[in-house]
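Biologist: I would like a close look at a single part of this model. Here it is.

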Amino acid sequence: MESTLTPAKLLAAQANASAGIAREDFDGIVRAHQRRIYRVLLGIVRDPDTADTLTQECFLRAYRSRHSFRGESSVATWLVRIAVRLAIDHGRNRRNRFWRQLFGGATTDESAAGSTAVEELPDAGASPERQLAAREQADAVWAAVDQLSPQQRAAFLLRFVEEMKLEEIARAMALEVGTVKAHLSRAVGALRKRLKERGIYAPASDR
Amino acid sequence: MHQHLTDEALAARLAGEVTSERPAECVACEAEEENLRGLLAEWKASAEKVAERPEALWRWQQRAIAAHWSARPSRPRLVWATAMAILVLVATLLTRQPHPVQPVAAADPDDTLLIEVRRSVRREVPRALEPASLLTQEIDRASQPQAQPNP
């Protein structure tokens, strides 16, 4: 069980959202959402320590602006919005980018891409061949995802890992639904290209 | 010749949107879509797996977050603390005893006499005759003829 904050309590908190979120509710909100926020951040920034730091920062920002929460979106969407903004701002930091490139970061080194993501992957019950194939496939998707811009990556992640609806993603990223679709379309295009290069599969046009 | 699924159409289908762009009975497109769905499912599992951490780490993170916001006093608390500090300061200043007046040391009578003698010597008129001197000056001033304008 992830949290002691029951759905009923969350709904009550949202119903009373005109007055913001009370201090007492915040511990429960952290427990209920920290895993998801961390997962989203890790998927975008691809570094566990950075994701951890940004997760803490996300909740601190949410706490500081809790009085301005009006319940127009769910608490989860509100938190994801803060997290995505943090991750994108982090990606814009030129100094971080410099160090990442200097040490052969994930954006350029295909072999490194996805290595952190898939180390623990397949379930113990699968055959070694199946595990290897699954790992290779996930690795290929990570490599393609790493080539995307932070916004495209965030949209792709929110749709296909977090399974959020397009409207929710649009709210969380402060974008139009059309822009989210465009990000997803580019991401799928990049994925197809990368998979073809790796020989993982052949697009329909090649058959 | 078939028009295969574009990136946009494929993304829309994968994202769960209904699209009419898909050509009918295109086995290749269907296979590609299925293939991609499988890949995305593997990737989702991978993303979830890599984000898993021991329970202790989550608890540590909860404590770290709570410690941050406990350490930062909220604005009303800060205002109250400042007001109380000012109140205490004012009360302290009001109840504080003024410094006792230090008694001036008694002047040396010889010095006083010497100063008095020096002042008397410098005077044009002895002190006892000062009122008479003032009276004389007034009488002189009154008896002087008024200045006549030059012709």
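This is a predicted model: local features need pLDDT of at least 70, side-chain atom pairs count only at pLDDT 80 or more; totals for chains, interfaces and linings use all residues.

Modeller: The kink in H2(A) is centred on His33(A) and comes to about 50°. The helix spans residues 23-45 of chain A. Arg46(A) follows H2(A), and its phi is positive, near 65°.

Now the contact between the chains. Here 40 residues of chain A meet 34 residues of chain B. On the chain A side, H2(A) provides the largest share, nine residues. Other helices of chain A that each supply at least two residues include H3 (48-64), H7 (128-146) and H10 (177-198). By type, this side of chain A holds 21 nonpolar, nine polar and ten charged residues.

Next, the core. The largest nonpolar core has 67 residues. Again H2(A) gives the most, with ten residues. Leu41(A) is among the members that touch the most other members, as are Cys58(A), Val141(A) and Ala155(A). In general, nonpolar side chains tend to be buried together in soluble globular proteins. Take Ala155(A): beyond its neighbours within four places in sequence, its contacts are Ile169(A), Met173(A), Val180(A), His183(A), Leu184(A) and Ala187(A).

Chain B has a helix H2 as well, residues 27-50, and Arg37(B) is found in it. Arg37(B) counts as partly exposed because 13 other C-beta atoms lie within 10 Å. Leu14(B) is 23 residues away from Arg37(B) along the chain, yet their C-alpha atoms are separated by 7.0 Å.

Notes: Residues are numbered from 1 along each chain as its sequence is written. Chains are lettered from A and ligands numbered from 1 in the order in which they are written. Two residues are in contact if their C-beta atoms, placed from the backbone, lie within 7 Å. Helices (H or I, at least four residues) and strands (E, at least two) are DSSP runs, numbered from the N terminus. Ala, Val, Leu, Ile, Met, Phe, Trp, Tyr, Cys and Pro count as nonpolar, Asp, Glu, Lys and Arg as charged, and the others, Gly among them, as polar. A nonpolar core is a set of buried Ala, Val, Leu, Ile, Met, Phe, Trp, Tyr and Cys residues joined through C-beta atoms within 7 Å. A residue is buried if 20 or more other C-beta atoms lie within 10 Å of its own, exposed if 12 or fewer, and partly exposed in between; C-beta atoms are placed from the backbone. The bend at a residue is the angle between axes fitted to the seven residues ending there and the seven starting there.
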